[in-house]
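How do the helices of this model pack, and what space do they leave between them? Have a look before reading on.

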Amino acid sequence: IEFLKADPYYHRSGYNKQKIAHLLKNAPLTKEQIKDLQEFLLKSIKNKQFFCQEYARLARQIQDPSFKAEIEALINHSSDAHEVGTAQKMLSVMNS
C-alpha cells in the first residue's frame, strides 16, 4: 500500500502497481488501509493516469458509500474530460 501511495515512476512501474492492486483485491484489509487505498485510487483518477482495470476492480472490492460519492462528485463537477471518463469507467466497474 505504501508503494502505491508513493506512486513511483520507473520502467514497468505501472505493471508492478497493477500487480499489487490485483493482489490487494482479496487481501484482508484494515479500515485504515482501505481509506489509504481509496485515497490512492482517487488520486490516480485526478492525476490523469491511464485507466487501469485492476484499479477499478480493487475499487469495487473496497467501496463504501462515501468513496462512491466522491467518484460521482468527480463525474458531476470536474471540467476535465479525461478525469470524468476515467471516473465513469471506474464507477461502471464498481457497479457491475
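This is a predicted model: local features need pLDDT of at least 70, side-chain atom pairs count only at pLDDT 80 or more; totals for chains, interfaces and linings use all residues.

Residues are numbered from 1 along each chain as its sequence is written, and side-chain values use heavy atoms, with hydrogens and water left out.

Axes are lines fitted to C-alpha atoms over the stretch in contact, and angles run from 0 to 180 degrees between N-to-C directions. Angles under 35 degrees count as roughly parallel, over 145 as roughly antiparallel, 65 to 115 as roughly perpendicular and the rest as oblique. Contact means heavy atoms within 4.5 Å. H3 brings Lys-35, Gln-38, Leu-41, Leu-42, Ile-45 and Lys-46 to this contact, and H5 brings Ser-66, Phe-67, Glu-70, Ile-71 and Leu-74. By class there are 6 nonpolar, 2 polar and 3 charged residues. Ala, Val, Leu, Ile, Met, Phe, Trp, Tyr, Cys and Pro count as nonpolar, Asp, Glu, Lys and Arg as charged, and the others, Gly among them, as polar.

H3 also packs against H6, at about 140° and with axes 8 Å apart. That makes H3 oblique to H6. Leu-41, Ile-45 and Lys-46 of H3 meet Glu-83, Thr-86, Ala-87 and Met-90 of H6.

Now turn to helix H4 (residues 53-62). H4 and H6 pack at about 50°, with axes 8 Å apart. H4 and H6 are therefore oblique to each other. From H4 come Gln-53, Tyr-55, Ala-56, Arg-57, Ala-59 and Arg-60; from H6 come Met-90, Val-93 and Met-94. This contact has 6 nonpolar, 1 polar and 2 charged residues.

What is the volume of the largest cavity? About 40 Å³. A cavity is a set of points on a 1 Å grid over the protein atoms alone where a 1.4 Å probe fits but cannot get out, and lining residues have an atom within 4 Å of a point. Grid points are joined across faces, edges and corners, and a volume is the space filled by probe spheres set on the points. Ser-44, Ile-45, Gln-49, Phe-50, Phe-51, Cys-52, Tyr-55, Thr-86 and Met-90 form the lining. H3 (31-46) and H6 (81-95) each supply at least two lining residues.

Note on methods:
On a 1 Å grid over the protein atoms alone, a cavity is a set of points where a 1.4 Å probe fits but cannot get out, and a pocket is an open set with protein on both sides within 12 Å along at least five of seven lines; lining residues have an atom within 4 Å of a point. Helices (H or I, at least four residues) and strands (E, at least two) are DSSP runs, numbered from the N terminus.
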